Protein chains: 2
Amino acid sequence: MTTQDDRATVGAMHTVTMSDVAERAGVSSATVSRVLNGNYPVAQATRDAVNRAIEDLGYTANAHARALASSATHSVGIIVNDLVDPFFSYIVRGVEQEASATGRLCIVAASQGDVDREIDLIDRMISQRTDAVIVVGGGYDDPRARRRMAERARTLAGIGSTLVLCGRPSVGEQAPTKIVGYDNEGGAFAVTQHLIAQGHRRILYLGGPIGLSTSVARLAGFRRAMQSHGFEVPPDLVHQGAFGRRFGHTAMGEILDGNPQITAVFAANDLVAAGALDAMTARGVRVPEDISLVGYDDIPQSSELTPKLTTVHVPLEDMGRESVRLALSRTDDAFGRHADGEIIVGTRLVERESVAAPRATPWAPGR
Amino acid sequence: MTTQDDRATVGAMHTVTMSDVAERAGVSSATVSRVLNGNYPVAQATRDAVNRAIEDLGYTANAHARALASSATHSVGIIVNDLVDPFFSYIVRGVEQEASATGRLCIVAASQGDVDREIDLIDRMISQRTDAVIVVGGGYDDPRARRRMAERARTLAGIGSTLVLCGRPSVGEQAPTKIVGYDNEGGAFAVTQHLIAQGHRRILYLGGPIGLSTSVARLAGFRRAMQSHGFEVPPDLVHQGAFGRRFGHTAMGEILDGNPQITAVFAANDLVAAGALDAMTARGVRVPEDISLVGYDDIPQSSELTPKLTTVHVPLEDMGRESVRLALSRTDDAFGRHADGEIIVGTRLVERESVAAPRATPWAPGR
DNA sequence: TTGAAAGCGCTAACAA
DNA sequence: TTGTTAGCGCTTTCAA
């Protein structure tokens with residue numbers, strides 16, 4: 001009577017299908033489908049019989065057959081650089097939450113920042129016919145990459161899906177994408193202003209891959225703020241490279257050893273800031289007494305550093321959630337004005353403990 | 001000639017299928033399938049024609065139709081508590097790497113520690129017919145949960161898939177699962193030994209959900225080490241609760257304020273250790289001068305704390321990779337002894353800076 | 001309220 | 001080397 005017994009009875013292992021259930025319940029498979037989906041009236045007695053058969057047989061519907069017949073996959077795809085980087089993992093968490101709240105499964109893949117791999121992954125998601133494919137994080141402004149991306153956007157639109165660019169700039173007006181972004185340049189402008197207001201003039205800009213859209217925008221905001229106050233940005237005070245903690249640590253160490261005469265550091269993201277902080281602490285540089293430090297993104301760890309990091313808050317999890325909401329909202333452009341396919345989430349300066357007024361004389365190595 | 005033009009020509013949007021490609025290339029769809037899969041010889045000229053048609057039409061194979069016809073999904077499923085917790089995200093990263101190295105996509109879902117939800121997610125993965133479903137992290141020793149899990153394992157085995165328990169204890173000898181684990185109890189024993197060897201006697205055990213297998217094993221190792229030296233473990237020096245940073249912070253704070261007269265803390269994992277460290281630092285407790293601290297897992301952040309944390313290294317990413325390898329290795333038990341369905345990865349004590357000999361008189365609040 | 005039957009888009013014998 | 005032909009397991013008209 002139990003599942004196990006029945007299985008044993010069956011003998012040769014044969015995947016249980018809907019018609020097995022139908023046979024056992026003495027109905028047609030169409031009826032089984034109806035009780036499973038609950039979208040058509042079925043007599044209570046029939047329903048019970050079917051459910052009992054399902055239970056007895058340990059039947060689990062085949063999602064692929066279902067997808068093929070109904071062309072509804074109940075899944076979303078998401079592509080990130082790296083699954084352990086908090087920037088991405090918080091966004092993934094948001095996506096997963098919203099997906100699962102709407103009964104969808106989440107296919108996630110890591111591109112490791114490789115453009116070709118990213119395109120390849122999108123193609124695989126297209127194969128999966130996911131309801132949306134969400135590409136996260138900055139991209140490089142390569143015309144070829146944009147073109148390929150735009151092509152994918154069209155293909156996806158063609159199959160009733162949506163390409164969402166989350167935290168990544170548009171790939172062209174023509175491409176049918178939706179966008180969830182935030183004002184990178186503005187946020188950078190704001191933190192820089194904050195530093196300037198405290199009296200800082202020689203500020204080091206540290207980190208971020210050269211050419212990555214996110215880097216470009218943050219650096220631009222930094223530059224604009226400096227220039228709007230008539231301050232120069234000497235080339236030796238702009239050190240780009242990467243977004244990781246290790247980069248922050250190494251680069252900051254080298255720079256400090258070169259006696260840069262700076263009073264503040266603008267790290268391109270919080271991870272870089274954390275690394276830079278390590279390097280400073282290791283050299284006896286006090287933050288913020290000797291040198292002030294700001295980051296970007298406000299990943300939760302930032303408030304757990306010593307000192308707590310002043311940074312720009314970006315609602316990562318929300319961005320993830322909004323990405324799937326936006327993708328799923330069928331803005332029927334066929335009828336009149338379509339709802340905007342773009343969401344710009346708010347960003348704000350979070351003042352904590354890593355910024356103070358500059359010292360009279362900048363910190364110098366060799367105590 | 002271009003993709004776009006052709007699409008425009010088609011008129012009403014109709015998903016491009018294999019027979020569209022076949023027609024355009026003037027061959028049968030079987031031939032298209034052959035060039036796509038490259039598993040049968042196809043004349044070069046034919047191959048070229050087909051590829052051109054694919055290109056022209058912007059054809060992307062439907063993975064569901066493929067899965068249905070071939071019963072091969074090229075996907076693996078993974079279920080974790082929380083995607084942003086480094087313990088899990090490193091394992092997910094390992095799984096994703098290995099999956100994608102073998103041409104598979106990765107379906108990931110978060111259970112938020114909810115047992116029912118976990119079972120539900122497994123069922124959804126079964127629906128997807130993933131090549132493996134990997135369940136990560138400690139479980140509660142609930143007979144009902146074990147039974148349900150064992151049932152799923154059987155179902156999965158029945159469809160040629162595998163349930164992998166990664167960092168989670170067996171659900172019974174009978175259940176056809178594979179296991180990737182590590183010696184939780186032994187690791188806990190080892191760090192505790194280390195603390196004892198330094199001279200510590202009053203050691204606080206902090207964190208870990210009560211009853212969660214991982215917690216249980218770590219606490220057991222702690223107890224065994226203490227007892228093997230004839231030391232008591234007073235009930236007020238065992239504070240369980242959760243695995244998060246916040247718990248570590250709050251609980252440690254309260255305990256310190258109660259003047260516990262301890263010389264060391266064994267945090268159930270690194271996150272708890274990090275939180276406890278914050279609480280200590282905030283109260284002017286110096287680690288390790290006043291109180292020593294150890295953690296568990298060796299998440300990368302641990303070596304970035306101040307002081308760097310002494311902890312037990314667990315190869316999280318490897319565990320993820322091994323989980324999919326193990327699941328995919330078709331150990332044909334039909335023919336003789338099957339390879340062991342269990343991998344126990346090595347664990348080791350990592351001595352860093354957070355442990356020292358105890359002070360003559362234990363730290364007490366109120367400076 | 002239920003059943004019959006025609007696909008969904010692809011793979012895999014089996015023939016040719 | 002290629003085509004024909006059955007399905008894979010489900011949904012969804014269309015009838016009854």
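Three residues, His64(A), Val84(A) and Leu105(A), supply 16% of the area that chain A buries against chain B, more than any other three residues. Please bear in mind throughout that this is a predicted model.

Colleagues, I shall begin with the interface of the two protein chains. In residue terms, 46 residues of chain A are in contact with 46 residues of chain B. How many salt bridges does the rule find across the interface of chain A and chain B? There are six salt bridges across that interface. In one salt bridge between the chains, the side chains of Glu96(A) and Arg117(B) meet, with 3.7 Å from N to O. Polar contact is also present: 21 residue pairs across the interface of chain A and chain B are found in polar contact, with both residues at pLDDT 80 or more.

Which elements give two or more residues to the side of chain A that touches chain B? In chain A they are the helices α1 (3-10), α5 (63-70), α6 (86-101), α7 (115-128) and α8 (143-158), together with the strand β2 (105-110). By class, that side of chain A has 18 nonpolar, 15 polar and 13 charged residues.

I turn now to the DNA, and to strand C. Which part of DNA strand C supplies the atoms within 4 Å of the protein, sugar and phosphate or bases? Sugar or phosphate accounts for 68% of those atoms, and the rest belong to bases.

Individual contacts to DNA strand C can be named. Thr46(A) places a polar side-chain atom 2.2 Å from a phosphate oxygen of DNA strand C. The elements that give two or more residues to the surface near DNA strand C are α3 and α5 of chain A, together with α3 and α5 of chain B. That surface divides into 13 nonpolar, eight polar and three charged residues.

The next topic is DNA strand D. Around DNA strand D there are 25 residues, and Met18(A), Tyr59(A), Thr31(B), Arg34(B) and Thr46(B) come nearest. Of the atoms of DNA strand D that come within 4 Å of the protein, 66% are accounted for by sugar and phosphate.

An N or O atom in the side chain of Tyr59(A) is 2.3 Å from a phosphate oxygen. A polar backbone atom of Asn62(A) is 3.2 Å from a phosphate oxygen, and a polar backbone atom of Ala43(B) is 2.6 Å from a phosphate oxygen. On the surface near DNA strand D, two or more residues come from each of α3 (29-37) and α5 of chain A and α3 (29-37) and α5 (63-70) of chain B. By class, this surface has 13 nonpolar, nine polar and three charged residues.

Let me now consider pairs within single chains. Over all chains, a search of the whole structure finds 44 salt bridges. One of them joins the side chains of Arg93(A) and Glu317(A), at 2.9 Å from N to O. Arg93(A) lies in helix α6 of chain A and Glu317(A) in helix α13 (residues 316-328) of chain A, so the pair ties together parts that are 224 residues apart in sequence.

The structure also holds eight aromatic pairs over all chains. For Tyr205(B) and Phe222(B), the ring centres are 5.4 Å apart and the planes are at 40°, so the pair is tilted. Tyr205(B) belongs to strand β6 (residues 203-206) of chain B and Phe222(B) to helix α10 (residues 213-228) of chain B, 17 residues apart.

Finally, some remarks on the backbone. Most residues other than glycine have a negative phi, and most peptide bonds are trans. A cis peptide bond joins Thr306(A) and Pro307(A), with omega about 0°. Pro307(A) lies in the loop between β9 (292-294) and β10 (311-313) of chain A. In chain B, Thr306(B) and Pro307(B) are likewise joined by a cis peptide bond, with omega about 0°. Ser71(A), in the loop between α5 and β1 (75-80) of chain A, has a positive phi, near 45°.

Notes:
Residues are numbered from 1 along each chain as its sequence is written. Chains are lettered from A and ligands numbered from 1 in the order in which they are written. This is a predicted model: local features need pLDDT of at least 70, side-chain atom pairs count only at pLDDT 80 or more; totals for chains, interfaces and linings use all residues. Side-chain values use heavy atoms; hydrogens and water are left out. Contact means heavy atoms within 4.5 Å. Buried area is the accessible area (1.4 Å probe) that two parts lose on being put together, summed over both. A salt bridge is a side-chain nitrogen of Lys or Arg within 4 Å of a carboxyl oxygen of Asp or Glu. A polar contact is a pair of N or O atoms within 3.5 Å; within protein, one must be able to donate a hydrogen and the other to accept it, and residues adjacent in sequence count only if both atoms are side-chain atoms. Helices (H or I, at least four residues) and strands (E, at least two) are DSSP runs, numbered from the N terminus. Ala, Val, Leu, Ile, Met, Phe, Trp, Tyr, Cys and Pro count as nonpolar, Asp, Glu, Lys and Arg as charged, and the others, Gly among them, as polar. A residue is near a molecule or strand if one of its heavy atoms lies within 4 Å of it. Rings of Phe, Tyr and Trp (its six-membered ring) pair if their centres lie within 6.5 Å; planes under 30 degrees apart count as stacked, over 60 as edge-to-face and the rest as tilted.
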